[in-house]
Structures are given as structure tokens and as C-alpha cells.
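Here is a short briefing for someone meeting this structure for the first time. Please look it over before reading on.

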Amino acid sequence: MDISRVDLNLLVYLDVLLRERNVTKAANHLGITQPAMSNGLRRLRDLFGDPLLVRTSEGMTATERATELQPLVRGILSDIEQAVHEKTAFAAMESQRVFRIMASDYAESCLMPRVLRRIRQEAPHVTLDVLTPSDVSFLDVEQGRLDMAINRFDKIPQSFHQKTLWTEYFACLMNARNPILKEPFTLDTYLDASHIWVSKTGFGVGVGVNPKDVQRLGWVDEALSLMGRKRRISVFTRHYQVAMLLAEQHDLIATLPSRAAWLQKDNTNLVVKVPPFEIPPFELKMAWSPLLQHNTDHQWLRKLIVEVAEEVDAEFAPFGAQFESAEVPGVHHSER
């Protein structure tokens, strides 16, 4: 193929079509007529020798070839945008920019207060808008409507940029007068207790939990399931702050990320224990759109968040070492 004969505007058409999965919406987004967009789709099909989008009962669906092309096309367009964009340094002290960050309740508790403190020091006129996972979708991130998503992700679209902020292990938080503390803290005494479940938060609106559906209950219950064991869950919540408050009930245990438990280290009503079985760790990540990769404002924000995460990690390390080095006899090690 002679690249000089290819209309590169078609790549812009393809990028929008694959995001919108709708010819009319794509045309409106680009400010062209629907017939012009339909003609563009026809030319794209000829160019790639593939239908790219096919009509199904669920609307327009991308073919396998189109799915492969999407991150490549986005990357090409991002590089072109970077080449023609006039780069100016981010003036933190004068900026009145609004940064929109999606953060899970866990990340909001452990990371965001320090991020806000740094922003207030370095960019006092910047506004921080913190959203929950149920407020946004991956599409919002992809299209740059959201500056950053900070969470633990099972999957992230290939086109996204991402960075791991830290690796997290689990801890058990309970009332200092919990009756099970009269005995050694073993798997059997753990299972004899009543438990607080906290949501493995992802994108989208949440639904009710079925206690019997272990596969949807998350890391703690999957780890128990691998040993043929099951805990008795008395409370389901979607908020780590609520779980930490409920742990003050005399007979409940909250098994949660160790940095969340660390926030309660000075609470004399609570004690923290290493779980008596192995739970695979997870990674807290930040993810952002390739559209923002070269934006100087965004680069400043990313650098600040990484620096804050490193500060948290260093301060947490003495407390967290007990969970990272914990070895549970007789439990097979597994990663996910």
C-alpha cells in the first residue's frame, strides 16, 4: 500500500467510530453529515479489507480486526496531536484548572488527602473533583473527560496508560475486646468469627451481593475457597471507612488492605492482625487516556501523585513489613 495515497482523515473517522459504535453519533462528534460519515466507513472498509463494524442485536459491534486497530490508531493520532500541539509549561501557582480524579474509597482514604495537601501547597487555585467508580466509565477515561482513575483493576483497556502506585497486602482489623483474641489467632478462630465484607470496587453502578457467589466476593473469599473454607459474613458494605467503624463492634472482623488498617494504628479500640491464611496481594494503579499523555498539566499531576504515593509507601513501610513477610504454614502460595 502506498501510504501517500491514504487519506489520514480516515484514521480520525475510525477512531471516533470505534469509540461511539454509532455512525450518527460519530458524525455529530466530528461535525459532519451522516452520509459523509457513512461514506468514510465504506472507504475504511475498503482500505482495511474488513467490515470493521457490523450490526448486531446489541447495536454496532467491532470486528476482531477493528479491536486490534483501535489502540494502534489512537496511538498514531496521539503522536500527531503531540507533534502539532504547542507545548507550554504548566504554571502551577497561577493555574485555575479543574482536575477530575476517580478514586475508590480505599484510594480516597489512603492517598487523596495527601494529594490534596500537595496540590494546595503547589497550585492553590486548582480545584480537585474526586468521583467514585459508579460515577464514571472506561469511556469517560478514554475520551479524556476524566483526568485519572485510581483503583485496583481486573482489566484496563489496552489503549490506556497506567502506572502502579504500590502493591497492597491484607490485614485483619477488630475490636481490642473481641472474644477471639483470648485464643491464638488461627484460621479456625478466624472462621468462627463474624465478618465485614468490603466491595472489590470497579467501574459502573453496583448491585446487591449474593453471599453464595464466591467468585464475585473477591480476593479474601476466593483465597478461602481454594482451601475449601468459607467465612460467615454478617455485613456487606461498599466503603472502607464504614468497615473500619464497624470493626469496633466487639465480635466483627474486617479483612481489608493493610494501608487502610494503618489509618487506625492510633485507635486504641482496635487491633490489627496478620491474616491467618494467604491472600494474594493486589496493585493500586492509576490509569489515564492516551489523549492526555503529553498534556503538560496532566504530566504535572501524574508526577505529583507518584511522589505522594512514594511518601506514603516510605511512611507505611515499618508497619506494612509484617504483612508482606508473613508466611502461613501449610498454605499453598498462588498469585493472580
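The points below go from the whole chain to a sheet, a helix, a single residue and the confidence values.

This is a predicted model. The chain holds 12 helices and 12 strands. Its mean pLDDT is 86.

**The chain as a whole**

- The chain has 336 residues, and buried residues make up 46% of them.
- Take the contacts with a separation of 6 or more: 78% of them link residues 24 or more positions apart.
- The accessible surface of the chain comes to about 17,400 Å². Carbon and sulfur atoms account for 49% of that surface.

**The five-stranded sheet**

- An open sheet is built from 5 strands, in the order E4-E3-E5-E12-E6. Its pairing is mixed.
- Strand E4 (127–131) and strand E6 (161–168) stand at the edges. Each has a single partner strand, so one side of each is left without a neighbour in the sheet.
- From one strand to the next, the twist averages 20 degrees.
- Strands of a sheet pair through backbone hydrogen bonds, either parallel or antiparallel.
- Strand E3 (residues 98–103) and strand E5 (residues 148–151) run parallel, joined by 3 bridges.
- Met102 stands opposite Ala149 in E5.

**A helix across the sheet strands**

- Which strands does helix H12 lie across? Helix H12 (residues 296–324) lies across E3, E5, E6 and strand E12 (282–288).
- Helix H12 runs at about 10 degrees to E6.

**A look at Thr24**

- Thr24 sits in helix H2 (residues 23–30).
- Why does Thr24 count as partly exposed? Its relative accessibility is 35%, and the partly exposed class lies between under 20% for buried and over 50% for exposed.
- The side chain of Thr24 makes a polar contact with the side chain of Gln34, at 3.0 Å.
- Pro35 is 11 residues from Thr24 in sequence. In space, the two are 9.0 Å apart, C-alpha to C-alpha.

**Confidence in the model**

- In the chain, 88% of the residues reach a pLDDT of 70 or more.
- Residues 203–207 have a pLDDT below 50. Beyond near neighbours in sequence, this stretch has 13 contacts in the model.
- Residues 328–336 also stay under 50 in pLDDT. For them, the model has 14 contacts beyond four places in sequence.

Notes: Residues are numbered from 1 along each chain as its sequence is written. This is a predicted model: local features need pLDDT of at least 70, side-chain atom pairs count only at pLDDT 80 or more; totals for chains, interfaces and linings use all residues. Side-chain values use heavy atoms; hydrogens and water are left out. Helices (H or I, at least four residues) and strands (E, at least two) are DSSP runs, numbered from the N terminus. Buried means under 20% relative accessible area, exposed over 50%, partly exposed in between (1.4 Å probe, protein chains only). Contact means heavy atoms within 4.5 Å. Accessible areas come from the Shrake-Rupley method with a 1.4 Å probe; for residues, only the protein chains shown count as cover. Two strands pair if DSSP finds at least two bridges between them. Axes are lines fitted to C-alpha atoms, for helices over the stretch in contact, and angles run from 0 to 180 degrees between N-to-C directions. A polar contact is a pair of N or O atoms within 3.5 Å; within protein, one must be able to donate a hydrogen and the other to accept it, and residues adjacent in sequence count only if both atoms are side-chain atoms. pLDDT is the predictor's confidence in each residue, from 0 to 100.
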